[in-house]
Amino acid sequence: IIFSLRLSLPQFRGFHHWLLLTNWFGEQRKGKEYKRREEKRKERMSLSSTAQPPTTEQKRRLQDQGVGVVQAFPTLRVTAGQLLPTGAFAEAQAKFLCPTASAVAELDALLKEKNVGVVAHFYMGPELQGVLSACSWPHIFVADSLAMGDAAVKMAQAGARAVVVLGVDFMSENVRAVMDHSGLSHIPVYRVREEDIGCSLADSADKPAYGKYLTAAGHTPRSVHVVYINTGLLTKAKAHALVPTITCTSSNVVKLVLQAFAQVPDAHVWFGPDTYMGHNLQTLLATLSSADDEAVRKLHSAHTAATVKAAASRFHVFEEGNCVVHHMFGEDVAKKIQRWYPDAFITAHLEVPGEMFGVALRARNVGRGVVGSTSDILGFITQRVEEAVRDGRAADAPLQFVLGTEAGMITSIVRRVQEVLRPRPELAVEIVFPVSTEAVCPDIES
């Protein structure tokens, strides 16, 4: 429930089944029936990998005829009162968005009895978030890492006797630190199990390579270490002992980096531990370097394109850390998005690989995308749906969003979108899950 990847391909079982089939059919595999099936299979594979995307008019004609259209990725169509998943992955996500009344009532009663607040991350699974979002208990909040701490403080100030954190270990630590800083050290903060609840990104900052990276920073004059919030408190403390350290979030990292360069003349900024985010920040700095000064000043008043260009040469990135979930949004996924969804809105978290980031950045530059934090993604989708409702968008033209982050975001997106769509129940929003090939089972049995 807390932090799991449930989409690994059962390669061994598939190989075992293949051996059994080979022994059973033997030479019959060379028969006409086998050849016919092979030709049809290859034709389907060719369609999914090389075919040009059908136009909107072609799709409509095919749908009118009852003919299916190849889907590159699973999708979830959302209206004010209905969820229509396409593909097994989307069905799994949608399944838990309508929890049983008994499960909701049981959790509501327990939280009220114990007077406990719950803060959960956007990335928790839909089976958990679905129940939480349906509860009436006021002290439940689902958000990104930083907002979880602020929400916990408000719950305690409103009378909650304890706070339960649903997330990985660094999230619990951050909540505890924010509570203590707010004078609420007497309020217990609970993790949900005794064993470690790890995170590949946070773990990478505890390895010797990151210590070596920070040692180099400490030996470089005028260095500032900008550490991603998705790391443990001990990591942050050790880092600060080696080089002045500032904690950032995916929401404020761009402005914080620019502020560091503005405030410390000739500063060297060392970012870590997320390698993809670091490279994406380099891309953003390069983009700003070629922008007009007015656009740069809108982001930070102390900078021009020239100062950003000079600063970019002193921006350093750790090369050995990433989130295993966002790692899957690589080149293959990015190419399919461009091929199959040229008219969709593109969203991408700053932790995704550069190929996916580039697709979303280009979309953002023409007003059809967003790059940033989970909150930025949710806010962008909400804003575009609100505009569609306000502007009277045609019911037969659903808005389509590619979700370039972990699928757990879908619960918050669905709840927000359905609320916005209430005045227009005929309007639909389609969420595309750009799931990488290695994350999808080839058949229902698998």
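Let's start with Gln418. Is Gln418 buried or exposed? Its relative accessibility is 15%, and the cut-off for buried is under 20%, so Gln418 counts as buried. Keep in mind that this is a predicted model.

So where does Gln418 sit? You'll find Gln418 in helix 19, which covers residues 410–421. Leaving out residues up to four places away in sequence, Gln418 touches Val78, Thr79, Ala80, Gly81, Gln82 and Leu83.

Next up, helix 5 and helix 6. Helix 5 is residues 101–114, helix 6 is residues 126–134, and their axes come within 9 Å and cross at roughly 70°. That angle makes helix 5 roughly perpendicular to helix 6. If you care about handedness, the crossing of helix 5 and helix 6 is right-handed.

Which residues meet there? From helix 5 we have Ala103, Val104 and Leu107, and they meet Val131, Leu132 and Ala134 from helix 6. Sorted by class, that contact of helix 5 with helix 6 has six nonpolar residues, no polar ones and no charged ones.

Last stop is helix 7, residues 145–157. The buried residues here are Ser145, Met148, Gly149, Ala151, Ala152, Val153, Met155 and Ala156.

Okay, that's my tour.

Definitions and conventions
Residues are numbered from 1 along each chain as its sequence is written. This is a predicted model: local features need pLDDT of at least 70, side-chain atom pairs count only at pLDDT 80 or more; totals for chains, interfaces and linings use all residues. Side-chain values use heavy atoms; hydrogens and water are left out. Buried means under 20% relative accessible area, exposed over 50%, partly exposed in between (1.4 Å probe, protein chains only). Helices (H or I, at least four residues) and strands (E, at least two) are DSSP runs, numbered from the N terminus. Contact means heavy atoms within 4.5 Å. Axes are lines fitted to C-alpha atoms, for helices over the stretch in contact, and angles run from 0 to 180 degrees between N-to-C directions. Angles under 35 degrees count as roughly parallel, over 145 as roughly antiparallel, 65 to 115 as roughly perpendicular and the rest as oblique. A crossing is left-handed if the near helix is turned anticlockwise from the far one by less than a right angle, and right-handed if clockwise. Ala, Val, Leu, Ile, Met, Phe, Trp, Tyr, Cys and Pro count as nonpolar, Asp, Glu, Lys and Arg as charged, and the others, Gly among them, as polar.
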